[in-house]
Amino acid sequence: MDVEDMLRKLGKTSQLNFENDRVHVKEVEERINLRIKRKGSKLFKLPIPAIVTLLAITIIIPSWMGWNISQQKGMNSVTMHSNLSIENNDAVNNIIKILHEYSDIEVNDISNSQLTNVFLSVEKVVQLKTNKGQIDVAIFPESVDVESVKLVEDFSVPGNVTYTFTGLDIKEESTPLKASGPNYLFKKNHTLFLTNNSAIVKKLHDVYYLIEVHDEIFHSFGLNKDDYQYYRPQNNSKQEFVESENNLEKLSLESMKIIRSKLKKGDLMPAIFVNKVGTEAIVIYKSSDKTNHMYKFTFESTSEKWILKDNLSVQGVKSIPTN
Amino acid sequence: MIPGMTLLNETMDSSFEHLMQAHLYKVYRLCYWLVKDRTAAEDITQEVFLRAYKHLSTFRGDSRIETWLYRIAVNESKRYVRSWSFRNIFYFAQPVDKGIIDTESQVIRKDELANLALLIDKLPFRHRQILILHYYEELSIETISEILGISTGAVYTRLHRAREQIKTLISKEGEIWM
């Protein structure tokens, strides 16, 4: 049977298999009706003048102010004071490396940020120009608590969106700053990330969560994460793994064969870390009950195979979010 | 099938009732095939119909209402597949392969089909969706083109590429890291 025939057969079979779920669909229908009754009670019972007013607020006024939907969703750009290029430093390099390893955000350029002269005790401020949008990064000394920092935005004057910060010492004369739409703040490890793209904030949140989990797992097994490099198959076109790509693909296949049957619904997906010379790999994951798991593989050059050398599990601390 | 213009002539609630009766099962089925998780498929289906309810009065009837619902379902499923939990948390493969084996064991080479279903799950969403719409849903190229908002030529191209990817995966004969 060729692929075309198999696909047709599979389609038919899948349809037949689904017939049993007709009863189950009734429950979904009931839940939708329930939610509509709840939802419908507000918007759909509004009098027409109120709906017209709502439309004016959500569509007409923003367009009159020169906004558009894409701007509202984060496509607007923060107004820049200058385009000076500035020197990089270790902390900035580390952020770029993290984004490169853990996400699809690639930093293309580093430039001066309009936050440069805003904070009193800041170590480094830069703007990262990435393939997903701009991120202004302010790195503070460890003694500065950025968790209490809040972004305060003012949309009250049409066409003149401004913002400032509370919870930190700032140079009053530098604020408020101008923007063409909403901004979003992400805080982590004495660092503030400011962007006009809400999707970037979500990605940063995910990236730093994964890093914390990976750090915890490495620590729980007494391993030094700095000795290894994170290998994501999605990143396999990136330079640093090109030479050993075939071996890493073998590692993916081999470790998946072993671990797949152990994984349960709700577990964190396994992550592969390879040592700097490509001879040893650690595959780690966390169960939904917080247990940390580690599989150690070594590459045998004679047989050109990855061999499982160790397999350990310990109770971890960090839990897995569900969204 | 309920023509869009007929719907506009009825009250919204009764139109919506008809809409659910006619399409809920197929939309839920499509969502399930796309995300391979019953709970997630239920949630997405609810979201599809809540959106449909909200926008039913603005439905212009340019396309069939089924196409419109499918378009929402595909987009919502895509959003789910791109979410953090889907990418980072392991989900048990639903017993699709078991079902295939139970139903077809007397007739077909069950392992081949079961493996093919698993291979489809491993394809990127854009290729998986095109195979599901064409082979599982048995939709025409024109309808798929309307649902995805791409030309019929692009549908043919994607279908071809998806089949090629399947052939490549089959020839590799092994598990591939997700």
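1. Strands S11 and S12 of chain A form a hairpin with four residues between them, and A:Lys290 in the turn has a positive phi of about 80 degrees. Strands here are DSSP runs of E with at least two residues, helices are runs of H or I with at least four residues, and both are numbered from the N terminus. This is a predicted model, in which local features need pLDDT of at least 70, side-chain atom pairs count only at pLDDT 80 or more, and totals for chains, interfaces and linings use all residues. Residues are numbered from 1 along each chain as its sequence is written, while chains are lettered from A and ligands numbered from 1 in the order in which they are written.

2. S11 (residues 280-286) and S12 (residues 291-300) of chain A pair in the antiparallel sense over seven bridges; two strands pair if DSSP finds at least two bridges between them. Within this pairing, A:Glu280 stands opposite A:Thr298 in S12(A).

3. S12(A) also pairs with strand S13 (residues 305-315) of chain A, in the antiparallel sense and over ten bridges. Here A:Tyr295 faces A:Asn311 in S13(A). The hairpin of S12(A) and S13(A) has four residues between the strands, and A:Glu304 takes a positive phi near 55 degrees.

4. Chain A contains an open sheet of three strands in the order S4-S5-S6, with antiparallel pairing. S4 (150-154) and S6 (177-179) of chain A are at the edges with a single partner strand each, so one side of each has no neighbour in the sheet. From one strand to the next, the twist averages 35 degrees, where axes are lines fitted to C-alpha atoms, for helices over the stretch in contact, and angles run from 0 to 180 degrees between N-to-C directions.

5. S5 (residues 161-166) and S6 of chain A are joined by three bridges, and A:Thr162 has A:Lys178 in S6(A) as its bridge partner. The loop between S5 and S6 of chain A holds A:Pro176. The peptide bond from A:Thr175 to A:Pro176 is cis, with omega near 0 degrees.

6. Most residues other than glycine have a negative phi, and most peptide bonds are trans. A:Asn189 has a positive phi near 50 degrees and is in the loop between S7 (184-188) and S8 (191-195) of chain A. B:Glu138 has a positive phi of about 55 degrees and belongs to the loop between H8 (125-136) and H9 (141-148) of chain B.
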